[in-house]
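Work through the exercises below with the sequence and the model at hand. Each task is followed by a solution in steps.

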Amino acid sequence: MKLPAFLLASALGLAQSFAQATPLVYHPAPGPTIVPVVSSQGIPLAPSDYATPLAPATLLPPSGQQCKIGSGLYKIPVGTGNARRPLTVVSKSPQEMLSPMYVASDIVNVPYTYTSEGQLYLFLQHLLKPTDIPYTETLRAPAVKAFMAMADAAASQGIAIKLYSGYRAYDTQCGTFNHKIRNEFIANVNLHRENHVDEMSAIKSVNTRSAIPGSSEHQLGTAMDIVSYIPSGPHQGWNVEFEMDQTPAFAWLQANAYKFGFVLSYPKSASGIPSDVNPRTGYVYEPWHWRYIGPVPAGRYQACRARGMTTQEFLRALNKNPQFVCSVAH
Ligand SMILES: [Zn+2]
């Protein structure tokens with residue numbers, strides 16, 4: 001049935017006024033002021049090189065939609081958490097998951113010279129204006145500042161570390177997780193043509209290496225994947241791989257990262273086998289995944305680390321009792 005023109009017009013008008021009544025306008029907070037530092041290459045960086053406030057088009061507002069995993073048969077829990085407290089624990093536990101709407105207010109760009117992808121542009125830096133170089137990674141402002149200071153300190157001792165992956169919005173993590181599930185299917189089909197891989201087992205398998213949206217520390221904007229150059233083998237390059245822990249850079253991070261406020265989130269399981277899931281975190285060993293919690297808590301964590309406590313366990317204890325300390329093991 002065709003609607004009379006005047007009815008259609010009033011329906012459209014109603015729809016328009018409804019749209020005007022509930023606009024989705026997003027105002028990102030202005031970027032912070034950061035004191036310029038000198039990069040590891042000795043080139044002074046302008047503040048705009050590393051603390052560019054993100055344009056609204058770059059930092060997409062959260063859709064607020066629950067992430068649909070695969071066909072949607074498996075409904076993931078929706079968290080309510082935020083990180084207004086800097087030591088917020090984020091885990092697979094639904095009680096410790098972040099809300100799909102949670103975005104930190106001070107997300108800034110990471111200068112490309114500090115990212116692994118930015119290595120591509122180092123060759124072109126004299127030909128391109130900094131504004132021509134796409135920013136690929138972002139983090140919360142305090143985490144960027146601390147990471148740059150740490151990378152500079154490492155570089156001064158001949159150790160190169162780069163940021164591989166920083167802040168990931170809930171919606172980004174949703175896309176990443178679904179992409180990994182698709183890859184899991186492809187890998188299994190290629191490796192074991194006779195094996196049927198059901199969706200739930202693919203999701204479970206991917207979830208030992210990648211967080212379900214809402215349970216990723218990357219949504220905090222203070223967690224990051226740090227890589228060093230893997231010199232040989234099938235994973236040669238600036239890659240996120242277990243071999244990271246065989247590099248001098250990892251040894252340097254294990255000895256020094258806490259001084260800059262960083263802690264390792266996902267240690268090896270008791271078996272010592274990197275690919276075994278650590279039941280205390282729910283993830284395999286991730287020598288590349290570090291979280292910025294600030295130098296004072298990270299310093300205090302060291303005695304707890306010596307006692308075998310995970311970062312999450314330490315932060316839970318600290319959230320319950322701010323005076324919590326571990327006595328040094330003898
Ligand atoms: Zn990570």
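Helices (H or I, at least four residues) and strands (E, at least two) are DSSP runs, numbered from the N terminus. The protein chain has 9 helices and 6 strands. Residues are numbered from 1 along each chain as its sequence is written. The model is predicted: local features need pLDDT of at least 70, side-chain atom pairs count only at pLDDT 80 or more, and totals for chains, interfaces and linings use all residues.

**Exercise 1. Find where pLDDT stays under 50.**

Step 1. pLDDT is the predictor's confidence in each residue, from 0 to 100. Its average over the protein chain is 77, and 75% of the residues score at least 70.

Step 2. The stretch under 50 is residues 6-58. Two residues are in contact if their C-beta atoms, placed from the backbone, lie within 7 Å; for this stretch the model has 55 contacts beyond four places in sequence.

Step 3. Where pLDDT is low, the predicted coordinates should not be read in detail.

**Exercise 2. Give the strand order of the open sheet of 4 strands and state which strands stand at its edges.**

Step 1. Two strands pair if DSSP finds at least two bridges between them. The order is S3-S4-S6-S5, with antiparallel pairing.

Step 2. S3 (162-165) and S5 (262-264) each have a single partner strand, so one side of each lacks a neighbour in the sheet; these are the edges. From one strand to the next, the twist averages 45° (axes are lines fitted to C-alpha atoms, for helices over the stretch in contact, and angles run from 0 to 180 degrees between N-to-C directions).

Step 3. S4 (residues 223-227) pairs with S6 (residues 289-292) over 3 bridges, and Asp225 lies opposite His289. S5 is also joined to S6 by 3 bridges, where Val263 has Arg291 as its bridge partner.

**Exercise 3. Is Pro213 buried or exposed?**

Step 1. Pro213 is in the loop between H6 and S4.

Step 2. Pro213 counts as buried because it has 29 C-beta neighbours inside 10 Å.

Step 3. Gln173 is 40 residues away from Pro213 in sequence, with 5.4 Å between their C-alpha atoms. Among the residues that Pro213 touches beyond four places in sequence are Cys67, Tyr170 and Phe177.

Terms used
Buried ≥ 20, exposed ≤ 12 C-beta atoms within 10 Å, placed from the backbone.
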